[in-house]
There are 2 protein chains.
Amino acid sequence: MTGGVVFVTGAAGYVGSHCVLELLKSGYDVVGVDNCSNAVIDDETNGLVTNGNKQTGHPLPESLRRVEQIVGKKLKSFYKVDICDEKTIDGIFAANKFDAVIHFAALKAVGESCQIPLAYYRNNVGGTVTLLDIMKRNGVKKFIFSSSATVYGTAEYLPIDEKHPTGRNCTNPYGKTKYFIEEVLKDLSVSEKGWSIASLRYFNPVGAHESGEIGEDPQGVPNNLMPYLCQVAVQRRPYLNVFGNDFKTTDGTGVRDYIHIMDLARGHVVTLSKMLEQNWNGWHVFNLGAGRGYSVLDVIHAFEESTGARVPYKIVDRRLGDIDELWADVQKANDKLNWKAELTLKDMCAHSWKWQSKNPMGYQTCEVIPKKNGTSNGQSTNGINGNGIKTLNGNKN
Amino acid sequence: MTGGVVFVTGAAGYVGSHCVLELLKSGYDVVGVDNCSNAVIDDETNGLVTNGNKQTGHPLPESLRRVEQIVGKKLKSFYKVDICDEKTIDGIFAANKFDAVIHFAALKAVGESCQIPLAYYRNNVGGTVTLLDIMKRNGVKKFIFSSSATVYGTAEYLPIDEKHPTGRNCTNPYGKTKYFIEEVLKDLSVSEKGWSIASLRYFNPVGAHESGEIGEDPQGVPNNLMPYLCQVAVQRRPYLNVFGNDFKTTDGTGVRDYIHIMDLARGHVVTLSKMLEQNWNGWHVFNLGAGRGYSVLDVIHAFEESTGARVPYKIVDRRLGDIDELWADVQKANDKLNWKAELTLKDMCAHSWKWQSKNPMGYQTCEVIPKKNGTSNGQSTNGINGNGIKTLNGNKN
């Protein structure tokens, strides 16, 4: 089955926007919501967009505007609303008949979660419980949750499969919120018949849509390797910090399982289709990873090779809690969903770079790329026009 | 230090009301809130009680009305409000200067939590996070949390001390909410200086204030041994179900650590006093138990001996998930709080029975005690007047 109306939270975000693209491409209708706390909205009005006399939602965030352009199909509607705003979300459910919900909306910065844990518990756990309650009231019982390999804590064996214990040694509130929500979902699916719930445990999503029109657009200093690396390559930052080279791995740097964002997005659509087709019952969990690990240096080298960009880096101290290596056993997704990651590390690097070089300041319209002391490291502005000037709305494939 | 204004949530409940009694007796001022979902309110008005021109709160639930009578001191104010009602609670914080918060408000039925887990996660976890956020905004950072030995899951060793792992094998949503909240508290105390947080892990609270004026008043079928046993003795129910006699214990019935409710209440006041006196920092956890176990049959026999009442029982199948035995290591509370349980099993039984026999229908005004088929088991109506008639407001010590 391809078709049906899907309610997508956090639709404007990195994973959300790529998933919306895949959903639209696969014939689903999408009603998206996002509080746009990290989004760029190129709007002049703050109110609802009206279609004749009918309210159809808010202006699109830039990421979703581009998704519509790429696919040549429109979202059914989009609302700028927080998932904790129960009344508004309830209204959206009343006005639509949803076949399923895909839930991406969450705060997601590990470091920040240690500083403001209450906000993480409120938004992530509280927000999800509110959303589930709304679904229950409105008779929508198919739910796909954006979970994370972080629920596994420190790996007791590798590759890590879905039977690995969860919730032990989760070292930060962000990770705990993912674990807590999984427990809520499990309990909910047991408590009442008719729920189909899938928890998709992401490993390390990287890359961008091949067009380079949408991609990861972190606010402030990126927390993850690939966007940081891209910002170094594009000279927004002088060099990449490599946190430790004394891990027990081939080259001493940490090994992780990187998965291309479009493989990940496809994983959601495949899960949704199977869930609807086979009318799943209960709680189902799948690792979404490539099923193999790459070290930080592997990624840097692959990036340099596939893009021609140079990435200066410095080895610095390990971060507290970082583990040697982690990668997924993806057999279950392969068997049950007939899904596996298809895009390569080279693709991840090339597409990340395409996105970053076409959009050095992400979705922000930006006249001038600030020159940091990165230039003192001698790298060139590979891949972007030489004058450091870039306008977002003007870029073309 | 004895003194200070304490905000108590779930003030009208079993543990809450006994704790409010101890707080008042020890010189603290109390502002209580309760959503009264389980409480009896003997009021004619639904609005705020006014004291001259000043709003002072809502009419007292019966349990707290009696607390005031027993102690001869009034609460500062009481509000019938749910802790999830952020705006109202915020207003109460704005109108008062609290030295600390003791948080009892929670849904607490294990079985029900399996049926409606979302309500448990919303009220217990969501409610607590909301409350903590309100405290944070209002600069109140001393917090005592009503936790439970259930966070330990299946005991890996006995007696169980505070270092025992938590959150593993929590078999029901109720227990998980307690565990999740403890994790929130831990993360919060690490994230920001100035928080003093105590998590008090109750074992099995039983008994009542020695006056028999206040006690445990479960709605519907009691989930716990002692109230069920009392309702059998008072002939509200025909017999007691003893769930399994093939546990690995002396007499085959499950062994638990029962703690007298007044010892438990005192434990809160002692914790509060130390917290304020010593200006604790961070997160502190204490077991509150008697430090020894009794079997179900031990309790039945002690009850019959100390009260003269007869308790017919039947051995029935074990309940899923029930463990052989569990009791607390209470050394830490003894060392750090100079607290230990002082009242005996005999006291627990005698006071429970005094409460139950004076108030066979709990706090409800009830003309006639319904006669169940219990009489066919031949037990007498020990301890209550022979005609089965009892009026709540007329009873005296």
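Three bridges join strand 6 of chain A to strand 7 (residues 142-148) of chain A, and the two strands run parallel. Strands are DSSP runs of E with at least two residues, helices are runs of H or I with at least four residues, and both are numbered from the N terminus; two strands pair if DSSP finds at least two bridges between them. The model is predicted, with local features requiring pLDDT of at least 70 and side-chain atom pairs counting only at pLDDT 80 or more, while totals for chains, interfaces and linings use all residues. Residues are numbered from 1 along each chain as its sequence is written, chains are lettered from A and ligands numbered from 1 in the order in which they are written, and side-chain values use heavy atoms, with hydrogens and water left out.

Buried denotes under 20% relative accessible area, exposed over 50% and partly exposed the range in between, for a 1.4 Å probe and protein chains only.

Chain A as a whole contains 11 helices and 15 strands. Of its 397 residues, 56% count as buried. Among contacts in chain A with a separation of 6 or more, 78% are made by residues 24 or more positions apart, a contact being heavy atoms within 4.5 Å.

Helix 7 of chain A is mostly covered, nine of its nine residues being buried. The buried residues include A:Leu225, A:Tyr228, A:Leu229 and A:Val232. Their cover includes strand 9 (204-206), strand 10 (240-243), strand 12 (258-260), helix 9 (296-307) and helix 11 of chain A. After helix 7 of chain A comes A:Gln235, with a positive phi near 70 degrees.

Two packed helices are described by the angle between their axes and the distance between the axes. The axes of helix 7 (residues 225-233) and helix 11 (residues 345-358) of chain A come within 10 Å and cross at roughly 55 degrees. Axes are lines fitted to C-alpha atoms, for helices over the stretch in contact, and angles run from 0 to 180 degrees between N-to-C directions. Helix 7 of chain A and helix 11 of chain A are therefore oblique to each other, since angles under 35 degrees count as roughly parallel, over 145 as roughly antiparallel, 65 to 115 as roughly perpendicular and the rest as oblique. On the helix 7 side of chain A, A:Met226, A:Pro227, A:Cys230, A:Gln231 and A:Ala233 meet A:Met348, A:Cys349, A:Ser352, A:Trp353 and A:Gln356 of helix 11. The residues of this contact between helix 7 and helix 11 of chain A comprise seven nonpolar, three polar and no charged. Nonpolar covers Ala, Val, Leu, Ile, Met, Phe, Trp, Tyr, Cys and Pro, charged covers Asp, Glu, Lys and Arg, and polar covers the others, Gly among them.

In chain B, B:Ser196 lies in strand 8 (residues 196-202). B:Ser196 is buried, with a relative accessible area of 0%. Beyond its neighbours within four places in sequence, B:Ser196 is in contact with B:Lys141, B:Lys142, B:Phe143, B:Met275, B:Trp280, B:Asn281 and B:Gly282.
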